[in-house]
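Hello,

Here is the structure I promised to pass on to you. Have a look at it first, and then read on for my notes.

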Amino acid sequence: MAKVVSIEVGYSFIKICEMDYKVKTPRVYRYTMVPTPLNVIEDGYLKKSAGLRTAIKEALYRNKIKTKRVIFTVASSKIINREVMLPPVKPNMMESVIKANLKDYFPIDLSNHEISHVVLETFKDGENAGRSRVLLVAAEKTLVASYEALAASCGLTLIDLDYVGNSIYQAVKKEASKTATMILKIEESQTIITVAKDNNMMLQRSVNYGIDEAIHEVAVNSAFDVIEDMDAWELIKRQGCIKVALDNDTRIVEPDLQQDDDMEISQARINVTRTLAPLLNSVSRVVDFYNSRNPEHIEQAYVMGMGGEMNNLSKLLTNELGIPTKVFRKLEGIVWHTTVGEGDLFNYVACIGASMAPVSFISSERQQKKKKETNSTSLAVLLGVFFVVASAALAANGYLTYQSALDEQKRLKGLENTYLPAEQIYLKYNAMTTLYQDVLTGHLMTNRPNDNILNFLNELEEKLPADVSVLEFSSDDVQAALRMQVADKDTAAGVIQNLRGFASLQNVTMSSMQEMEEETDDQEEVRRYVELGVICTYYPNGYLPEQESMAQAGTDTPAAESQ
């Protein structure tokens, strides 16, 4: 059974597990946790450091860990992720579908990123039957390269690189019962919040708050007899340096069992507790967000990571969130080797989950390259050992090269078969787009500008006031000329405004307007009126405004369909 070394490099501690790789019931053979050298990691990115290399190599040596294959699990705000819903598709086709729509999922340039995914849930019935909820994850290639360099410097072979959020989910998903459960991995400056239910991840968020401010407050507060942050952390683990509530208004469910000796200690504990307020508020907002969108609310919570060792933190979370919160101490399906006993599980959950089903930021091309490099090195050693039998060595070399070429050809043919259906769909899409444009162009060529004359006459009949008389009407291919008689200038202005609202006309201009007088039949009164000349221009190519909108929408259809 294959073993791996699973490592999580944190700001304060390096956590290491030697265990089985990708099995249903993995066994933990050895584990250890050592301090991280100062200033070797920044938001998940590793800096070149002889101290970090030495710390890992010494930890492996002291604990008799001889396995050379390694997995790292990484926490970084630069790792971007997005949950998407994919249509029913075979598992071996899922990667090609994701790559074909990658620009729609991430509207940024991902040329310098490694992309991976993990299936969160596949719906068996309902309106989404057959569809899958998938978590897409993208990490910068420079981030991946920093861990490859560390593995090489330690004499290890990097076989996978996982995202801490996925590591947690893979480890705890079997623990998620029928009720919604929240898992909090609280570290120095970051907390990952995972909500799981029915073995599925329902929600995952990362907040940039942890317990580093609380540790620093203990170190600088004169009420506690410590100076360094590391000493403050040891004190926090031994005794309750925080209260079980932020203030007196909190409903106390888990009481504070520690009695303060004096007012100075009591006030110091209050100050340390207040540094955790941003963390508590962030977690509370995530809880409210989930509960507002799901009928079944979060009923229980667990704490892991450094937060699992912090005395009274689980009680503080219980009282402030109103959700029973415990330290994560049990994990189904994990076997601890009898020679090492069970460790503090809450410290190693991410390491354990990374070896079960990593998202793998190491692309297949990169793995093939590593495989070739390994084969080349092995071949060089083989030639040196069997130099005296040059003919046999050359024959072996030729055979290995031939086999490597066959394997590469098989791999390339597999890639071709994988992407062939996507290519056929793309070609059909382009053909239909071209046909649509040709039909639309042919239709527009049959139109004439004065095709709108009937629409114009119908609008005149429906919309022109009854007291307006049309004295003359003439029309050509482009426009119509009207001479009308109206009562006065105000009526003339209203007629012009009315015509400009006609759907069949593109433009309306007044060519003339003249006030007229004539005597009535009894010659006692003079009737005054206005004669008005108007030029009305039809929409070109027979378009109506709504037709133009439809045509414009038609040209946008390919983009919409591609999305």
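There is one cavity of 30 Å³ or more in the structure. By cavity I mean a set of points, on a 1 Å grid over the protein atoms alone, where a 1.4 Å probe fits but cannot get out. Grid points are joined across faces, edges and corners, and the volume is the space filled by probe spheres set on the points. The volume of the largest cavity comes to about 50 Å³. Its lining, meaning residues with an atom within 4 Å of a point, consists of E8, G10, Y11, S12, F13, K15, E187, E188 and M306. Three of these lining residues are nonpolar, two polar and four charged, where Ala, Val, Leu, Ile, Met, Phe, Trp, Tyr, Cys and Pro count as nonpolar, Asp, Glu, Lys and Arg as charged, and the others, Gly among them, as polar.

Before the rest, a word on the source: this is a predicted model, in which local features need pLDDT of at least 70 and side-chain atom pairs count only at pLDDT 80 or more, while totals for chains, interfaces and linings use all residues. Residues are numbered from 1 along each chain as its sequence is written, and side-chain values use heavy atoms, with hydrogens and water left out.

Now the salt bridges (a side-chain nitrogen of Lys or Arg within 4 Å of a carboxyl oxygen of Asp or Glu): the count is 20. E296 pairs with K197, with 3.4 Å between the closest N and O atoms. Because E296 sits in the loop between α9 (277-293) and β14 (298-305) and K197 in strand β12 (residues 191-197), this pair ties together parts that are 99 residues apart in sequence. Helices here are DSSP runs of H or I with at least four residues, strands are runs of E with at least two, and both are numbered from the N terminus. K197 is buried at 15% relative accessible area, whereas E296 is partly exposed at 42%; buried means under 20%, exposed over 50%, and partly exposed in between (1.4 Å probe, protein chains only).

Another salt bridge joins K463 and E459, at 2.8 Å from N to O. Both residues belong to helix α14 (residues 453-463), four residues apart, or about one turn of the helix. E459 is buried at 9%, and K463 is partly exposed at 36%. Salt bridges with shared partners also link E8, K15, K185 and E187 into one network.

L435 lies in helix α13 (residues 390-445) and is partly exposed at 48%.

Finally, two backbone points. Most residues other than glycine have a negative phi. K22, in the loop between β2 (13-20) and β3 (27-35), has a positive phi near 55°. D198, in the loop between β12 and β13 (200-207), also has a positive phi, of about 55°, and is partly exposed at 31%.

Best wishes

Key. 1 Å grid on protein atoms, 1.4 Å probe; cavity = no way out; pocket = protein on both sides within 12 Å on 5 of 7 lines; lining within 4 Å.
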